[in-house]
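Please read the following account with the coordinates open beside it.

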Amino acid sequence: MKKLYDEDEDENKGAERAKILVTVIPFVLVIIILAITLISNIGKKGKEDSDNLQQSIMDYADENKESKAPEGEAPVNSSSVVTDKEKEPEKTQQPQETPGSQEGNGQPQPEGESGQGDETQTFTPSPTPSPKPVNKDYSKITYHKEEQLKDMMAYWEDSNQKAIDDLAFLDHYIAMSWSLKGTSDFYYYGDSDSSGKPNGKGVAVYADNQYYYGDWKGGVRSGSGTWIHYHMPSISGSDQLYTYHQYTGNWANDLPDGEGSEHYDFNTPLMEKNKYYIANLIGSYSGAMVHGDFYMTSTTADGQYLEWNAKAEKGAWIYQSENKDKKGNRTVYVDANNPDNYFWMQPKDNQNIRVRCLISKNLP
């Protein structure tokens, strides 16, 4: 009898354990599921945070689709102004570069073989034209200059170059610049003086997808600032050698003046083989003209890199030697690492060397 009793007791204990397991296991599974969900949500949040900047830019492009801003919209307040809009736009006001003004500023030059008089070739790309609609009529695209420039200024202040580039390529930013075509006028957002003229820190947009951010005084660029020119093939209707041009440095009377630097990006498939392209210039400017000592770097279609030194005076390079090649090219830059290697240029092109394509009513 005792054995039978013990067996019944063991069976009861087993049943009780089973009931406990059946009750506890679901709670354990729920806790595990909740923990997995929490970890997953944390991972998603991190990804969402990293996408917030780009998403905010793209969301803005879809706002206010139903309204239309008239071309040459009048200023709405002192922080969003257009200068000289009361004047009749002059069709010839868009800066045009002569072949000479392009040489030495990203212009492919004769191969610098060492000053031995070898025959050379030059290639002169056309200046960047004013934007022309290809697949879109930008005069019919809505833009809100004050809001757009306010957004862009925030990214300038944060030194967020990628966000600035993204904004510049949005349709309503292109339309804003397009509305200024053929003039030296600009839309502005930032500090101003008692008369409403730009004064202090601010951002401006010009025709031809040009932007400036930096110091202003009495309505003109003065102090320290950065100017960017976006070359947009989809707007001009044809591929261009240059895709991007930037000047950063000192300004006076609305022009680069003092220490500064230029940078160019290129459309690699359009770069000619065995030609040097000046990609960076660091030196001194006077009234947008090169004037003083310069350090430069060049690149080629296959990625070769060279450093150069040069001197300029009033928009012309000072010749490094008396050497001439068979076509009359002269030596304008010297290889920083090889004093026998030169960069060559035609004398007729060695004039009016300046920050090319810059829009300013104060250009000579």
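The paragraphs below begin with the basis of the model and then turn to its parts.

This is a predicted model, in which local features need pLDDT of at least 70 and side-chain atom pairs count only at pLDDT 80 or more, whereas totals for chains, interfaces and linings use all residues. Residues are numbered from 1 along each chain as its sequence is written, and side-chain values use heavy atoms, with hydrogens and water left out.

The protein chain has six helices and 13 strands, where helices (H or I, at least four residues) and strands (E, at least two) are DSSP runs numbered from the N terminus. Of its 364 residues, 44% are buried, a term that stands for under 20% relative accessible area, with exposed meaning over 50% and partly exposed in between (1.4 Å probe, protein chains only). The accessible surface of the protein chain comes to about 18700 Å², and 52% of that surface belongs to carbon and sulfur atoms; the areas come from the Shrake-Rupley method with a 1.4 Å probe, and for residues only the protein chains shown count as cover. If one takes the contacts (heavy atoms within 4.5 Å) between residues at least 6 apart in sequence, 57% of them join residues at least 24 apart.

Consider next a run of paired strands, where pairing requires that DSSP finds at least two bridges between the two. Strand β8 (residues 277–286) and strand β9 (residues 289–299) run antiparallel and are joined by eight bridges, with Tyr277 having Thr299 in β9 as its bridge partner. The hairpin of β8 and β9 has two residues between the strands, and Gly287 takes a positive phi near 60° there. On to the next pairing: eight bridges also join β9 to strand β10 (residues 305–313), again antiparallel, and Ser298 stands opposite Leu306 in β10. The hairpin of β9 and β10 has five residues between the strands, and in this hairpin Gly303 takes a positive phi near 85°.

Which residues touch the most other members of the largest nonpolar core? They are Met296, Trp317 and Tyr333, in a core of 68 residues, a nonpolar core being a set of buried Ala, Val, Leu, Ile, Met, Phe, Trp, Tyr and Cys residues joined through side-chain atoms within 4.5 Å. Leaving aside residues up to four places away in sequence, Met296 touches a set of residues that includes Trp317 and Tyr333 as well as Ile278, Leu281, Leu306 and Trp308. In soluble globular proteins, nonpolar side chains tend to be buried together. Helix α5 (residues 171–178) is mostly covered, with seven of its eight residues buried, among them Tyr173, Ile174, Met176 and Trp178.

The charged pairs remain. The whole structure holds seven salt bridges, each a side-chain nitrogen of Lys or Arg within 4 Å of a carboxyl oxygen of Asp or Glu. One of them joins the side chains of Asp254 and Arg221 at 2.9 Å, N to O; because Asp254 lies in the loop between β6 (242–252) and β7 (255–266) and Arg221 in strand β5 (residues 220–230), the pair ties together parts that are 33 residues apart in sequence. Both Asp254 and Arg221 are buried. Another salt bridge joins Asp166 and Lys162 at 3.0 Å, N to O, and these two residues lie four apart in helix α4 (residues 161–168), about one turn of the helix. Asp166 counts as partly exposed at 22% relative accessibility, whereas Lys162 is exposed at 53%.
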